[in-house]
Amino acid sequence: MNVELYRLSHSQFLSIASGHGRPDAIEVLAASQRSKRRLLLLAIIQCVAGSELAATVGAAVELLVEAEHVRKDVVRAVLAYPFFDNWASSWLNRLAQAGAAATTNAALRDDLSHLTTLAVAAAVQAGIPVELTVPSRDGVVVLPTLGAAVGLGAGEVRIIVDRSRVVFTGSHGAVVVPRPVDEPAPGWEPVRSVRVEGASDGHVLAIEDLDPNRDCYQWQVAQRLDEENAERFADHCRRAWALIVAHHPEHAAGMRRALKSLTPLAQTAAGTSQGATSFRAFGSLAVSMAAHPENLAMSMIHEFQHMKLSAVEEIHGLYRSRSGSYFAPWRLDPRPIHALMHGAYAHTGVCDFWRRRRTVLVERPAVRTAHYEFALWRRLTMLAADSLLAAPELTARGRQFAGQLRATLIRWGREPVPTEIDRATADAALAYEVRWRLVHGRPEPEDLARLARAPKPRWLRVDPAAVVRVDRPPPAAVAVGPAEPAFARMIRVGTIGAAPAGQPDPAAAGAGPPEPGTDLPFEPALRDGDRAYLAGRFRDARAAYAAAIDGGCHSGWVGFAVATARSARVGQRWARQIDLLRQVHAAGQGRVGAAEVARWWLDSGRRSRHAR
């Protein structure tokens, strides 16, 4: 079994970094992952050499080699099976942890049966006769890529493969599966598939709800679907794929080269749409079982972006380290550099989805929603791209990737958007940033220097620079509540009258109560400011939000910052200094209002500019 090393050419790398990826570039990623699987298999062979486990591994590898001589394409497909990576990586980690006790570890020995059943699956497809024994798992034996024999009972199961059938014999009896094995039989549950494109030679995706190694995502996977739910899911998959092919051909071309299966996720209690990717399962995406086709299409594009980037990361070094702590608009918690890169790349896919969607929708409310989503996510993703390019953790390759991504977002920014929606999303994006800075913000060095030069106001008993903490600990409730700020949600409702269109909330699952006062839309203390803002009376809104702040409403700072940026024409740079003002206001201990703090800061800025 040969192992090859793969690299992307410069043009292939840039094509992926731009947000899509040429088909030949995606093929390099897929080939590199197949090579990775062979390296994992080689690592297993080397790690068990000379031990009691070597015989089991050796027999499975011999069967794979024999099948490869007969049908090379079969073994290639079996090793490209998405969850082989998860199984092999996990097994090697457990082997290393077991140390000298590995050969006596019953769980490790039994789990090697997955490699054996993988080889049996290759033998079945290659037409090679086989007779061997494997342990069952709760009376079930899974042949990866083919299906599962159930009801076999505990203990060992004898598998016999011949030209006409596959027979599983366990303590509770036998399961006989006639060829072809893709049809149901008593005790046999085949892997379902859905032909998403074409008639007889179109693209086929497996619906993977059987393999025990599929549970490698951040969300819980669904159990085996019943026939009704399986058919509904398959129908949604076909319709989502048709939408991607029709309106997102660049993404469809890449998916044809790399996407092998979809794993249904368990339905959430709230019925929200979710999606997930695992860096140990290249070729498979996990998606919501009951997602509407439009949401499913967007989720597939979003998760495919993660899948591509994970493969790029494994063959090209994008980071010097994976440390750092950065603002990602779609999260409430600071993110390390690789998570920020993944978020920016995946949300570029979301942005692209709405960018194309707005050109094909007909009904005015749907068109306005698509315009809003496109404009908002382009702005939010641009914030992340800017953070990436300023990050010292990126290598030259990483900066090249982020720079190409940013260039795509700039190019999309030249595409027309209705003026009122463009302005509304600018304010909404600023609300995301202001809220984050109120929790995590650290003043910029130039702002601290300006603060040190600022005259001491009569209402402050100490020097202004002494009241601002440069590195303050975040509050305990740092990553709870909806990812969309209440103020941004108000803007959305006031502009298009809709909740987020199908976008999963990454902070919603298991989040607990919201941070006090920050995520309650239209809370009473803010209503006057909200009404004034939505009516375009930004000076009145600013005054109302300042009054709410003075009355103890922490949420007022977000609206105050955005309304001031609109009314005083001080620009977004000033609004991003809002946490510095919040700390000065708090140091005033009720002797000064938020509006007066803002005037003092604006005046100090003017004096600072005149002095220069």
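Author: One cut-off before we start: a residue counts as buried when its relative accessible area is under 20%, as exposed when that value is over 50%, and as partly exposed in between. Keep in mind, too, that this is a predicted model.

On to the charged pairs. Side chains of opposite charge can pair when their charged atoms come close. The count of salt bridges here comes to 39, so let's pick out a few. Start with R38 and E68, which form a salt bridge with their closest N and O atoms 3.0 Å apart. R38 sits in helix α2 and E68 in helix α3 (residues 54-70), so this pair ties together parts that are 30 residues apart in sequence. How covered are the two partners? R38 has a relative accessible area of 15%, so it falls under the 20% cut-off and is buried. E68 is buried as well, at 15% relative accessibility.

Next up is R331 with D333, whose side chains meet in a salt bridge at 3.0 Å, N to O. Here the two ends land in separate classes: R331 is partly exposed at 22%, while D333 is buried at 14%.

Then there's E596 with R458, where the closest N and O atoms are 3.1 Å apart.

Besides R38, helix α2 (residues 23-48) holds I45. Along with L5, L39 and L42, I45 makes a nonpolar surface patch of about 370 Å². I45 itself is partly exposed, with a relative accessible area of 33%.

Now for the sheet. Five strands make up an open sheet in the order β8-β9-β10-β12-β11, and their pairing is mixed. At the edges you find β8 (192-195) and β11 (275-276); each has a single partner strand, so one side of each is left without a neighbour in the sheet. For β8, pairing with β9 (residues 204-207) is antiparallel and runs over four bridges. Within that pairing, R192 stands opposite I207 of β9. Helix α10 (residues 293-315) packs on this sheet and touches β10 (261-265), β11 and β12 (284-288), with its direction at about 145° to that of β12.

One last stop is H236, in helix α8 (residues 227-247). What does H236 contact, once its neighbours within four places in sequence are left aside? The partners are A290, A291, P293 and L296. Two of those names, P293 and L296, carry numbers that fall within helix α10, residues 293-315. H236 is buried, with a relative accessible area of 12%.

Note on methods: Residues numbered from 1 in each chain as written. Predicted model: local features only at pLDDT ≥ 70, side-chain atom pairs only at ≥ 80, totals over all residues. Heavy atoms only, no water. Pairing = 2+ DSSP bridges. Helix = DSSP H or I, 4+ residues; strand = E, 2+ residues; numbered from the N terminus. Contact = heavy atoms within 4.5 Å. Axes fitted to C-alpha atoms, helices over the stretch in contact; angles between N-to-C directions. Patch = residues over 30% accessible without salt bridge, like charges linked within 9 Å, V, L, I, M, F, W, Y side chains within 5 Å. Areas by Shrake-Rupley, 256 points an atom, 1.4 Å probe, with all protein chains shown as cover. Salt bridge = Lys/Arg side-chain N within 4 Å of Asp/Glu carboxyl O. Buried < 20%, exposed > 50% of the residue type's maximum accessible area, 1.4 Å probe, protein only.
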